[in-house]
Structures are given as C-alpha cells and as structure tokens.
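Hi,

Here is the structure I promised to pass on. Have a look at it first, and then read my notes below.

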Amino acid sequence: MSAESTENAISAEFDDDQDAVQDSSEDVAQGAEAGTGKSISASRLEEEGDVAADYLEELLDIADIDGDIDIEVRNGRTYISIVAEEESAGLESLVGRDGEVLEALQELTRLAVLSATENRSRLVLDINGYRAERAGDLQKIAEDAVAAVKDSGEAVALAPMSAYERKIVHDAVADLGLVSESEGEGADRHIVVSAD
C-alpha cells in the first residue's frame, strides 16, 4: 500500500469516526463509546491526555518551539491546549492556514495515543486559542446561513469543514431552529442548511 493510499485510508477512517460521533446519540456526548454503550473512564481519558502531552512536548522540543501544554477532561473527551505566554510565530506555524496544520497535528496525536494505548481517541487539540476563535466565526457562518435560508427559502451549502467544525455548525443551526446535514465525501464534506 502506498503512503498516499495509507494516508487516505487513515483520513477516511477518522472522518467516518468523526461523523459517527457527530451523528450519534446524546449517550456518546455524555462519554460513552460509540456502538458499545460503555462509559469511557476518567482514568483512560487522563491516560490519553498524558500520552498526547508527552508526544506534543517532544514535538515542541524537536521544533524548538516554546509552549505550555494544558490537559482538560470534559464531556467524555480529552482537550489539549498548547499556549505561549508571548506571541510565538512557532506556535502559529503549528496552526497553519485555516487550521490545516492543527488538524493534521491533531490526527497525528490521536495516532500516537492509539499506538500507545490501543484505544481510539477523540481528543481535541487547540493551539493559541485558534479553535475558540474559530467557534465564534462558525457561529456567525451558521447565523448567516440561517438568515439566507429564511430570506430565500432555498437551501444553503457551506464550504467544506472538518468534522469538529461541522459539529459546531450543526449545533448552532439547530439552536436557531433550522435543519442541517452533512453531504459529500472526505475533504469535500460540507453542510447544507435548509428549512426542513
């Protein structure tokens, strides 16, 4: 199997996993594993946080980038944040254009956790508050799409997004009283907002 096909298979597997997470029941959101109904233990989440932090710390050391790693467990998921006291161009390069490098680094970190623990991880990685800032942008995108649908009555297709970002938009659209669904495959997967 070529490196490109392996990368595509891994990407598809994680994208499918994220879509399953997004589309799954409230049970999953409360910390149960999809399909098993078993609760993810706090100690397992802490272990995955420690493995992820070790991996990221080593990466920062190799790249000679300063940053502090914070680990938080909430809602059945591990959240890892890398922050710097001063603005760091090195950390900004780990975010990349439109968060592309951040997404890739998150997947690599998940693979490091899988390799060390033999458990799939749904950890979320943030660098310099990029995801929090992006969540505000996504809320605005959802509000604009809802307004456009209400004005025209026509469905609105949004630009492709990661599964994590689609989840934020799906939630925002639902809160605003309209319907959204994901369409497309892989990197072209996007949300369509409609009145019903």
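Let's start with Asn75, which at 56% relative accessibility counts as exposed (that is, over 50% relative accessible area, while buried is under 20% and partly exposed is in between, using a 1.4 Å probe and protein chains only). Before I go on: this is a predicted model, so local features need pLDDT of at least 70 and side-chain atom pairs count only at pLDDT 80 or more, whereas totals for chains, interfaces and linings use all residues. Residues are numbered from 1 along each chain as its sequence is written, and side-chain values use heavy atoms, with hydrogens and water left out.

Back to Asn75: you'll find it in the loop between E1 and E2 (strands, E, are DSSP runs of at least two residues, and helices, H or I, of at least four, numbered from the N terminus). Asn75 isn't a glycine, yet its phi is positive, about 50 degrees. Most residues other than glycine have a negative phi. Asp64 also has a positive phi, about 55 degrees, without being a glycine. Asp64 sits in the loop between H3 and strand E1 (68-74), and is exposed, with a relative accessible area of 69%.

Finally, how do H3 and H5 pack? Their angle is about 125 degrees, with the axes 9 Å apart (axes are lines fitted to C-alpha atoms, for helices over the stretch in contact, and angles run from 0 to 180 degrees between N-to-C directions). H3 and H5 are therefore oblique to each other, since under 35 degrees counts as roughly parallel, over 145 as roughly antiparallel, 65 to 115 as roughly perpendicular and the rest as oblique. In the contact (heavy atoms within 4.5 Å), residues of H3 including Val51, Tyr55 and Leu59 meet residues of H5 including Leu105, Leu108 and Ala112.

Happy browsing!
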